[in-house]
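Here are some friendly notes to read alongside the model. Please keep the structure open as you go through the points.

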Amino acid sequence: MAQTGSIAVVLSFLLGACVGGGDASSGPQVTGTSAPRCETTSGRTNAEAASATNAIRGANGLNALRADPRLAQAAARQACDMAKRGRMTHRGATSGPMQRVKAQGYAPRIVAENIAAGPFTMQSALQVWSGSRGHAANILNPQMRDFGIGRAVGADGKTVFWSAVYAAPR
């Protein structure tokens, strides 16, 4: 348990949650000598992340989210943008979560985003988000219907940037 407490203190510095298009810049500046590595989220990875998220939602009596490739693309682009800029922020280089989702052809009624940066695997990022009040609020929002996740590795080759997008269509 002592380790969990110290991890929580560090993670509160390295995680951000946002509903709508606001900004929550936080976390360390990541620098390195190589270019960041941006990745496209596979359908399988998106489905696995949706399944893990749905286990949490189901335990709380909520509907399952659908893995949506458009939201995964928006999340992957945000993770890539954060990796290129070397910092966590909900406000991308050109837009916030709502605008990024619309740019992928998704017509949202509501959008929320969780972000993380650090030595996280997908499972550890999802676990930490579920244990954080602000992030859990996005995961457990009963209005949400769809989900996407994205990942990129920072220029230091170690920092993994994650973005998870939750949304409901109009």
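1. Let's begin with Arg 145, which, setting aside neighbours within four places in sequence, is in contact (heavy atoms within 4.5 Å) with Asn 63, Ala 64, Leu 65, Arg 66, Ala 167, Ala 168 and Pro 169. Arg 145 sits in the loop between helix H6 (133–139) and S5. Its relative accessibility is 32%, so Arg 145 counts as partly exposed; buried means under 20% relative accessible area, exposed over 50% and partly exposed in between, with a 1.4 Å probe and protein chains only.

2. A word on what you are looking at: this is a predicted model, in which local features need pLDDT of at least 70 and side-chain atom pairs count only at pLDDT 80 or more, while totals for chains, interfaces and linings use all residues. Residues are numbered from 1 along each chain as its sequence is written, and side-chain values use heavy atoms, leaving out hydrogens and water.

3. Leu 62 belongs to the loop between H2 and strand S3 (66–67); helices (H or I, at least four residues) and strands (E, at least two) are DSSP runs numbered from the N terminus. With a relative accessible area of 21%, Leu 62 is partly exposed. Not counting residues up to four places away in sequence, Leu 62 touches Arg 57, Leu 140 and Pro 142.

4. How are H2 and H5 arranged relative to each other? They pack at an angle of about 30°, with axes 11 Å apart; axes are lines fitted to C-alpha atoms, for helices over the stretch in contact, and angles run from 0 to 180 degrees between N-to-C directions. H2 and H5 are therefore roughly parallel, the term for angles under 35 degrees. On the H2 side the contact includes Ala 49, Ala 52 and Thr 53, and on the H5 side Met 122 and Leu 126 are among the residues involved.

5. Leaving aside neighbours within four places in sequence, Leu 126 is in contact with Ala 49, Ala 52, Thr 53 and Ile 149. Leu 126 and Ala 49 are 77 residues apart in sequence, yet 7.8 Å apart in space, C-alpha to C-alpha.

Notes. Angles under 35 degrees count as roughly parallel, over 145 as roughly antiparallel, 65 to 115 as roughly perpendicular and the rest as oblique.
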